[in-house]
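These are my notebook entries on a single structure.

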Amino acid sequence: MDGPAAEALLAPLRQAVRLQGELVRKLKDEKAPQMDVDKAVAELKARKRLLEAKELALQPKDDIVDRLKMEDTLKRRFFYDQAFSIYGGVSGLYDFGPVGCALKNNIIQAWRQHFIQEEQIFEIDCTMLTPEAVLKTSGHVDKFADFMVKDVKSGECFRADHLLKAHLQKLMSDKKCAAEKKMEMENVITQLDNYNQEQLADLFVNYNVKSPLTGNDLTAPVSFNLMFKTSIGPGGNMPGYLRPETAQGIFLNFKRLLEFNQGKLPFAAAQIGNSFRNEISPRSGLIRVREFTMAEIEHFVDPSEKCHPKFQNVADLHILLYSAKAQTSGQPARLMRLGDAVEQGVINNSVLGYFIGRIYLYLIKVGISPEKLRFRQHMENEMAHYACDCWDAESKTSYGWIEIVGCADRSCYDLSCHARATKVPLVAEKPLKEPRIANVVQFEANKGAIGKAYKKDAKLVLEYLAICDECYITEMETQLSEKGEFVIETEGKTFQVTKDMVAVKRFQKTLHVEEIVPNVIEPSFGLGRIMYTIFEHTFRIREGDEQRTFFSFPAVVAPFKCSVLPLSQNQEFIPFVKELSEALTRNGVSHKVDDSSGSIGRRYARTDEIGVAFGITVDFDTVNKTPHSATLRDRDSMRQIRAEVSELPGLVGDLANGNITWADVETKYPPFEGQETSKKEAMEV
């Protein structure tokens, strides 16, 4: 259902979201208690989810992929499978087979070409093992956690909020459930994101939640850090983790990268590699896993110059944007010109806008449908306090809308945190054309008070306070004013800094060179999620034949660009197959020779099923007529042309690289109607 009928059903839900959004804004304006604001925000999120679920339910049925049929194809043709399957498998870990591995590598290579080469980004490769101190500074040690419960007998673990929600939904679906009780449980579900450990424990007791697998009792919820912990070195004295993201390695190498770029801003660095998250209950195939490949860019820019020189290259793109304002007012995402979105302040700045445009172009290039792609802006309550603006590229799948790329303006937060922790200034110098008077903000430490309080550790506190940047000082000044103290962590120790220990000093000085802590624009790609989306968006069923399925991968990412199919196993065909295979290899075209005895139709179906973009068929005319020619078949349309054997490898290479289209080929070469030499005639010759 779509159009006016669907909109009539959605209207009351949109109104409910709009009213709740207005309530949230009102509470914030009136500086209401944080508990009241959190409760209103949770209700807003719940209403948004209800609206989105209804929107997805009303979409046309032919817009929904047959996931079971698709997953059967993926498993049968070994695109990927659960890791350690002969030992029973491990949830959230997957092995990629030959076809999946080739597809994944092509997605990565297209990313390198699109971003690293075309944007002249510096690629680095950092270790996956990360000392605890680094991730303590980044916040992952303290905050990268979910609440977990455990079956007291089997030891099976469950994510607490997911299990509680599923249990309450099951109770609510019972026809005997009273309306009052149902409303109470709905209220609990809307507040799930806000409950602390003790409140969750009470809810598990109140609603008698048991293990859904065995019916056994569960432990009380405990906080579970999602990083894989290890120790570095044989002594076990240096705790560490497998990295949960690739970004931290780039931040830590900022000084070296800045030197490599002759000390100039802006510049960008990128890293592609595996990251690890010890998910409590991984699910949904490649969407939520424990080991995954990320590709991240950190674009370092002068905060006063967030204007991208190449923005006009993407300004005319029309992209589906789901702004924070639209979300809180119940409005749908709308198609918007990127240039207008930046001009009107929907997107914070043109650097962020430029990367949104480039991300969009990349995702379309690798096979994601533009009709099922949107960019959703984080609402204020979703963003970290230091972030200026954040947008997620989301794709519509059979699981609903899923995030596949995040693009955030992270301000100067990461570099500032690591600079404070290491006492290494992570700054860029900007020569000034003319000297200027600058306002300086510094901590003024009371050495006596700090020395009296912390004795031999006073030096650590004084060194820490000496390198703090203006952004951090201003934030701590607010805490001093409101609470009379703030807490710092350095060298693995925690210190309370009170009003009598420190003051904030403001003064002016003449600058000839300005020190800048760069802001960071961070596009972060989940390649497994992108890959899964490509599977769903390119999966097809042949018209008129429900059993014939295929993947319509763009040639640039297709696992094999071409198949070579001899029509007969006759020895006379072998030299032509060999010649084509060697020429394709020289042209850098990945290909697959299928010289099995099956019919040509069956072999076409086999190669279509794994997404091979084109097929060269060596037939009897190839062998018996000069100049020697063969047919070239397009997977999606199944149309064929005929060209000389010597031309075909270069032709396929141009098609695979996007230099020409199939339509270009059809205008230049005659369509193939049927071979002139039959098998019988060939044998007589």
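Entry 1. Which residues does Ser 416 touch, not counting residues up to four places away in sequence? I note at the outset that I am working on a predicted model. I found that Ser 416 touches Asp 469 and Val 517 under that condition. I then placed the residue itself: Ser 416 belongs to helix α15, which covers residues 413-422. Its relative accessible area is 6%, so I recorded Ser 416 as buried, the cut-off being under 20%.

Entry 2. I turned to helix α3, residues 67-76, and asked which of its residues are buried. I listed Met 70, Thr 73 and Leu 74. I looked down the axis of α3 and found these buried residues within an arc of 100°, so they line one face of the helix. Leu 68 and Lys 75 are exposed on the other side of α3. For the cover over the buried residues of α3, I noted several elements, including β1 (80-82), α19 (527-538) and β22 (539-541). The cover also includes β23 (549-551) and α21 (600-609). Just after α3, I read a positive phi of about 55° at Phe 78.

Entry 3. I repeated the exercise for helix α9, residues 197-206, where Leu 200, Leu 203 and Phe 204 are buried. Seen down the axis of α9, the buried residues fall within an arc of 100°, so they too line one face of their helix. On the other side of α9, I found Glu 198, Val 205 and Asn 206 exposed. The elements covering the buried residues of α9 include β5 (145-150), α7 (160-172) and α8 (179-190). What caps the N-terminal end of α9? I identified Asn 196, which has a side-chain oxygen 3.2 Å from the backbone nitrogen of Glu 198. After α9 comes Asn 208, with a positive phi near 50°.

Entry 4. I checked an annotation against the model. The unreviewed UniProt entry gives a "coiled-coil region" covering residues 168-198. Over residues 168-198 I computed 61% helix and 0% strand, with the end C-alpha atoms 18 Å apart.

Entry 5. How many aromatic pairs does a search of the whole structure find? The search returned 29 aromatic pairs. I examined Trp 111 and Phe 115: their ring centres are 5.3 Å apart and their planes are at 45°, so this pair is tilted. The two residues are four apart in helix α4 (residues 98-117), which means that about one helical turn separates them. I recorded both Trp 111 and Phe 115 as buried. Phe 115 also pairs with Tyr 362, with centres 5.7 Å apart and planes at 55°, so that pair is tilted. Because Phe 115 lies in α4 and Tyr 362 in helix α14 (residues 350-365), the pair ties together parts 247 residues apart in sequence. Tyr 362 is buried, as is Phe 115.

Entry 6. One aromatic cluster is formed by Phe 79, Tyr 80, Tyr 94, Phe 96, Phe 535, Phe 539, Phe 551 and Phe 553. I also noted two arginines placed over rings. Arg 67 lies over the face of Tyr 399, at 3.8 Å from the ring centre. Arg 542 lies over the face of Phe 550, at 3.9 Å from the ring centre.

Definitions and conventions
Residues are numbered from 1 along each chain as its sequence is written. This is a predicted model: local features need pLDDT of at least 70, side-chain atom pairs count only at pLDDT 80 or more; totals for chains, interfaces and linings use all residues. Side-chain values use heavy atoms; hydrogens and water are left out. UniProt positions are given in the numbering used here, feature names are shortened, and annotations may be inferred rather than shown by experiment. Buried means under 20% relative accessible area, exposed over 50%, partly exposed in between (1.4 Å probe, protein chains only). The arc is that of the directions from the helix axis to the C-beta atoms. Contact means heavy atoms within 4.5 Å. A polar contact is a pair of N or O atoms within 3.5 Å; within protein, one must be able to donate a hydrogen and the other to accept it, and residues adjacent in sequence count only if both atoms are side-chain atoms. Rings of Phe, Tyr and Trp (its six-membered ring) pair if their centres lie within 6.5 Å; planes under 30 degrees apart count as stacked, over 60 as edge-to-face and the rest as tilted. A charge sits over a ring if NZ of Lys or CZ of Arg is within 6 Å of the ring centre and within 35 degrees of the ring normal.
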